[in-house]
Amino acid sequence: MSRVLTRLAKTSPADIWKFLSDPGMIPVLVSSPPSSSPIDAVSRLFPDAPREQLAALRLQFLMDHDFFRAVDQNMVPRRHRRAVWRDWYEFLYMLVRVLKPGVFVETGVFDGQSSSVILRAMEENGRGKLISIDLPATDAIAGSTHRMLESTLPPGCNPGWVVPEYLRGRYDLRFGDARVLLPEAFKSFPEVDVFFHDSLHTYDHMYFEYTCAWPHVTPGGLVISDDIFWSRAFHQFCRENNRPYVRVGGFGGMRK
Ligand SMILES: C[S@@+](CC[C@H](N)C(=O)[O-])C[C@H]1O[C@@H](n2cnc3c(N)ncnc32)[C@H](O)[C@@H]1O
């Protein structure tokens with residue numbers, strides 16, 4: 001009981017409401033690992049990576065003013081605000097820099113901030129291809145974009161519209177439902193180093209994506225996911241495959 005209370009004390013009011021309205025999530029809350037800083041989370045997944053190297057990578061990302069300016073040059077005229085970068089984008093950048101993936105599959109693009117970060121890290125690595133799948137949010141999508149700062153794409157914009165032009169050489173962008181396009185992507189790329197879910201966060205869809213991707217992820221590769229507290233799917237999937245996971249807030253990661 002005291003463990004539940006301790007975890008509740010560290011949980012946001014929105015997440016507490018989610019747990020109370022779906023009691024099936026309470027075991028998830030109790031057994032999930034504590035949130036880590038981006039550097040600690042990468043370090044847990046890659047124990048051989050020196051911490052000084054991770055600190056230097058993080059700094060390199062945070063100090064990449066040209067990159068942030070290039071994204072904002074696209075963002076500001078349409079959204080009338082700058083891009084908002086949460087902690088997990090640092091985690092994402094460091095993961096790509098440390099693993100140096102050849103093939104990375106992402107579901108859920110929206111404006112294209114995560115795609116931009118992945119492509120920027122790949123450019124720095126000098127290798128990698130990003131296959132990104134998105135069902136364009138011309139209207140708000142329940143279970144996906146409805147809680148976002150803006151719930152639809154700007155009029156006339158395709159998913160990925162903020163990705164700077166200089167990063168698009170490694171980008172293979174596909175529009176449609178991941179239910180259909182994800183299995184198709186794995187036909188063209190049967191082995192991938194990273195699978196990243198950030199599309200539709202219903203239990204059925206999340207569980208479908210993780211299990212669809214799993215046989216195609218190379219040993220030592222990554223399955224990462226945003227919004228892991230929107231359903232129990234990520235926790236259940238990690239448990240079924242006997243893999244511990246780390247998290248930066250609601251963003252989880254595990255290694256195959
Ligand atoms: C949370 S946003 C992605 C944000 C992006 N990863 C980032 O951090 O910059 C979710 C995206 O998933 C898309 N989406 C929703 N349902 C989908 C589905 N069934 N298949 C593919 N994409 C979907 C939405 O249109 C939206 O663009």
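1. Start at Gly252, which lies in strand S7. Strands (E, at least two residues) and helices (H or I, at least four) are DSSP runs, numbered from the N terminus. Gly252 counts as buried, at 0% relative accessibility. Buried here means under 20% relative accessible area, exposed over 50%, partly exposed in between, with a 1.4 Å probe and protein chains only. Leaving aside neighbours within four places in sequence, Gly252 is in contact with Val223, Ile224, Ser225, Ile228, Phe234, Val246 and Arg247. Contact stands for heavy atoms within 4.5 Å.

2. A word on the basis. This is a predicted model, in which local features need pLDDT of at least 70 and side-chain atom pairs count only at pLDDT 80 or more, while totals for chains, interfaces and linings use all residues. Residues are numbered from 1 along each chain as its sequence is written, and side-chain values use heavy atoms, with hydrogens and water left out.

3. Now the sheet. It is open, with 7 strands in the order S3-S2-S1-S4-S5-S7-S6 and mixed pairing. Two strands pair if DSSP finds at least two bridges between them. Strand S3 (171-175) and strand S6 (246-248) stand at the edges, each with a single partner strand, so one side of each has no neighbour in the sheet. Neighbouring strands are turned by 15° against each other on average, direction ignored. Axes are lines fitted to C-alpha atoms, for helices over the stretch in contact, and angles run from 0 to 180 degrees between N-to-C directions.

4. Strand S1 (residues 103-107) deserves a close look. S1 runs parallel to strand S2 (residues 129-134), joined by 5 bridges. Val105 has Ile131 as its bridge partner in S2. S1 also pairs with strand S4 (residues 192-197), in the parallel sense over 4 bridges. Here Val105 stands opposite Phe195, and Glu106 has Phe196 as its bridge partner.

5. How much of S1 is buried? The count is 5 of its 5 residues, so S1 is largely enclosed by the rest of the structure. Both faces are covered: Val103, Val105 and Thr107 are buried on one side, Phe104 and Glu106 on the other.

6. S4 is also largely enclosed, because 5 of its 6 residues are buried. S4 pairs with S5 in the parallel sense over 5 bridges. Phe195 has Val223 as its bridge partner in S5. Beyond neighbours within four places in sequence, His197 is in contact with Thr107, His205, Met206, Glu209, Tyr210, Ile224, Ser225 and Asp226.

7. Helix H7 (residues 87-99) lies across S1, S4, S5, S6 and S7, and runs at about 170° to S5.

8. Next, the interior. In soluble globular proteins, nonpolar side chains tend to be buried together. A nonpolar core is a set of buried Ala, Val, Leu, Ile, Met, Phe, Trp, Tyr and Cys residues joined through side-chain atoms within 4.5 Å. The largest such core has 47 residues, and Phe91, Phe104 and Ile224 have the most contacts inside it. H4, H5, H6, H7, H8, S4, S5 and S6 each give two or more residues to this core. H7 gives the most, with 9 residues. Apart from this core lies another, of 30 residues, among them Val28, Phe186, Phe208 and Phe229.

9. Leaving aside neighbours within four places in sequence, its contacts include Leu92, Leu95, Phe104, Val194, Phe195, Phe196, His197, Phe251, Gly252 and Gly253.

10. Last, helix H6 (residues 65-79). At 1.5 Å a residue, its 15 residues should span 21 Å, and the end C-alpha atoms are 20 Å apart, which agrees. The expected span is 1.5 Å times one less than the number of residues. H6 has a kink of about 30°, centred on Asp72. The bend at a residue is the angle between axes fitted to the seven residues ending there and the seven starting there. Phe67, Phe68, Ala70, Val71, Asp72, Met75 and Arg79 are the buried residues of H6. Their cover includes helix H5 (51-62) and helix H8 (113-125). Just after H6, His80 takes a positive phi of about 60°.
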